[in-house]
Structures are given as C-alpha cells and as structure tokens.
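Subject: Structure handover

Hello,

Here is the structure I promised to pass on. Please open it first, then read the notes below it.

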Amino acid sequence: MAAQDTLLYFSSRGRAEAIRMLYLMAGKEFNDTRTTNEKWLQEKNENPVALGQLPVLFTEDGVFCQSNVIARYVAKKLGLMGDNLREETTHDLVVEVTMEFINYNGDNIYKHTIFGVPEPENFAEIKEEVKEYITKRLLYIQSIAEKEGKEYIVSDEIGLADIWLYTGLELCRVSFPDIMDFTPWTTEFAAKFTSNEKIKSYLESRPPSQFHGL
C-alpha cells in the first residue's frame with residue numbers, strides 16, 4: 001500500500017488551504033500536519049527541508065515546496081486540472097491571475113493591517129485602488145468561465161481553478177469582508193462552490209485559523 005502524502009503547514013489556511021481542498025474533492029486521504037511558527041523555526045534549523053519555507057509536501061515522488069507548485073502537482077496527480085493541454089493551461093491562467101490579486105492585496109493592505117506598517121494618510125484611496133485591481137481580475141476570470149460555458153470555471157466539476165479562486169477570495173476577505181460580492185458573477189460562483197456537499201461539510205468542520213483568520 002502506497003504511503004499517504006503529508007502536507008506540512010501552519011495552523012492556518014493561508015497558502016495550504018487550496019491544497020487541502022484538492023485532496024478533499026478527489027476523496028484522497030493525506031496527512032494534514034500542522035505546526036506552530038515557534039516549532040517550525042526550531043525544526044527547520046535542526047533539519048532543513050526544501051527552502052525552509054512552508055507549505056512542504058512529502059510524497060513518494062519527492063519533497064516539494066512552493067504552494068503553487070504543490071497545488072499543480074496534486075491537481076494533476078488527482079485529475080483536477082483538466083483533460084487536455086488547453087484545459088490545464090486555463091486552470092493555470094486562473095491560478096496566476098488569482099495570485100496577482102492575492103499578492104497585490106498583501107503588498108498594499110496586509111502590510112498595514114496585519115504586519116504593523118503604519119497606514120499612510122491616503123490609505124482609504126489605496127484600498128479603493130486595490131478593490132478596483134481585484135475586481136478587474138475577477139471580471140477577467142468571469143470572461144474565461146463564460147467562454148468555457150461549464151458548470152464551474154473550466155469544467156462541470158470543481159477543479160484547481162475553482163479551488164484556487166475561492167481560497168484566494170478568502171485570503172482577501174480580511175481586507176474586504178464583501179469580496180465575495182464584488183461582482184454578481186463572483187456572488188454566484190461562491191454560492192455554487194460552497195453548496196457542493198464536500199466543500200460545505202469541510203467549511204463547517206475545519207479548524208479555525210490561528211493567524212488573523214487567514
């Protein structure tokens with residue numbers, strides 16, 4: 001019997017939640033190992049893994065780091081990244097566009113609201129600009145979904161693109177509590193995604209995040 005994959009991350013959602021949901025949707029068991037920042041600082045110095053960053057995925061194929069890489073590996077391995085090169089590339093496109101607005105939000109909002117950098121006098125204007133930046137990318141993802149014409153973004157089943165977008169929206173919800181309703185399409189997407197029985201059950205039972213709800 002093959003050994004289960006082991007995902008190592010903090011006791012939060014962050015960059016690992018999409019990976020957890022991929023295993024969930026595929027019905028594939030894995031070891032969801034959670035650690036604290038203090039424990040990880042000690043462990044990575046005593047036994048360096050990858051780049052000393054989390055998440056890290058331990059598999060029979062090797063040890064992988066970088067959340068995007070891990071997510072793509074898991075999605076391909078579990079059949080959640082399309083049936084052909086075009087669909088795979090479309091999943092990739094949604095991942096990258098979502099990462100753009102996650103990082104933009106982090107660089108412009110979280111550094112003030114979470115990491116303690118003093119807010120500039122025009123912080124309200126910055127938040128509005130970030131909202132416009134996110135909305136533009138949500139509209140672009142909407143155009144992709146409408147062109148595909150499927151139940152979800154790329155296909156009739158939840159895949160990497162859907163999971164990555166939803167968890168990306170969750171990451172930005174600390175800055176924008178109403179982000180799921182930035183566009184009518186986003187509202188519909190989030191409602192459809194969270195009504196899936198596997199996702200609904202998971203969201204209702206998952207442990208609380210230990211880092212600002214992220």
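A residue counts as buried under 20% relative accessible area, as exposed over 50%, and as partly exposed in between. D83 has a relative accessible area of 74%, so D83 is exposed. One thing to keep in mind throughout: this is a predicted model.

**Where D83 sits**

D83 is in the loop between α3 and α4, the latter being residues 85–113. S155 is 72 residues away from D83 along the chain.

**The whole chain**

The protein chain has 8 helices and 4 strands. Their order along the sequence is β-α-β-α-β-β-α-α-α-α-α-α. The C-alpha trace spans about 50 × 45 × 30 Å along its principal axes.

Does the chain's radius of gyration agree or disagree with that of a compact globule? For 214 residues, a compact globule would have a value near 17 Å. The protein chain has 18 Å, so the two agree. As for burial, 48% of the 214 residues count as buried.

**Salt bridges**

A search of the whole structure gives 12 salt bridges. Start with R20. Its side chain meets that of E17 in a salt bridge, at 2.8 Å from N to O. Both residues belong to helix α1, which covers residues 17–26. R20 and E17 are 3 residues apart, about one turn of the helix. R20 and E17 are both buried.

Is R20 buried or exposed? Its relative accessible area is 2%, so R20 is buried. D32 is at 31% relative accessibility, so D32 counts as partly exposed.

D32 also pairs with R34. Their side chains meet in a salt bridge of 2.8 Å, N to O. R34 has a relative accessible area of 26%, so R34 is partly exposed.

Which residues make up the salt-bridge network? E17, R20, D32, R34, E170, R173 and R206 are linked in it. In general, side chains of opposite charge can pair when their charged atoms come close.

**A negative patch**

On the surface, E151, D156, E157 and E188 gather in a patch of negative charge. Take E151 from this group. E151 lies in the loop between α5 (123–148) and α6 (160–172). Its relative accessible area is 41%, so E151 is partly exposed.

**Two backbone points to check**

Most residues other than glycine have a negative phi, and most peptide bonds are trans. This chain has a departure from each pattern.

The peptide bond from L54 to P55 is cis, with omega near 10°. P55 is in the loop between α2 (37–46) and β3 (56–59).

Q66 has a positive phi, near 75°, and is not a glycine. Q66 lies in the loop between β4 (62–65) and α3 (67–77). With a relative accessible area of 38%, Q66 is partly exposed.

K77 is in helix α3. Its relative accessible area is 40%, so K77 is partly exposed. K77 and A26 are 51 residues apart along the chain, and their C-alpha atoms are separated by 9.9 Å.

L24 lies in helix α1. At 24% relative accessibility, L24 counts as partly exposed. L24 and A71 are 47 residues apart along the chain. The C-alpha atoms of L24 and A71 are separated by 13 Å.

**Where to look first**

Then find the cis bond from L54 to P55 and the positive phi of Q66. Finish on the surface, at the negative patch that includes E151.

Best wishes

Note on methods
Residues numbered from 1 in each chain as written. Predicted model: local features only at pLDDT ≥ 70, side-chain atom pairs only at ≥ 80, totals over all residues. Heavy atoms only, no water. Patch = residues over 30% accessible without salt bridge, like charges linked within 9 Å, V, L, I, M, F, W, Y side chains within 5 Å. Areas by Shrake-Rupley, 256 points an atom, 1.4 Å probe, with all protein chains shown as cover. Salt bridge = Lys/Arg side-chain N within 4 Å of Asp/Glu carboxyl O. Lys, Arg positive; Asp, Glu negative; His and termini not counted. Charge placed at Lys NZ, Arg CZ, Asp CG, Glu CD. Helix = DSSP H or I, 4+ residues; strand = E, 2+ residues; numbered from the N terminus. Buried < 20%, exposed > 50% of the residue type's maximum accessible area, 1.4 Å probe, protein only. Rg over C-alpha atoms; globule rule 2.2 N^0.38 Å.
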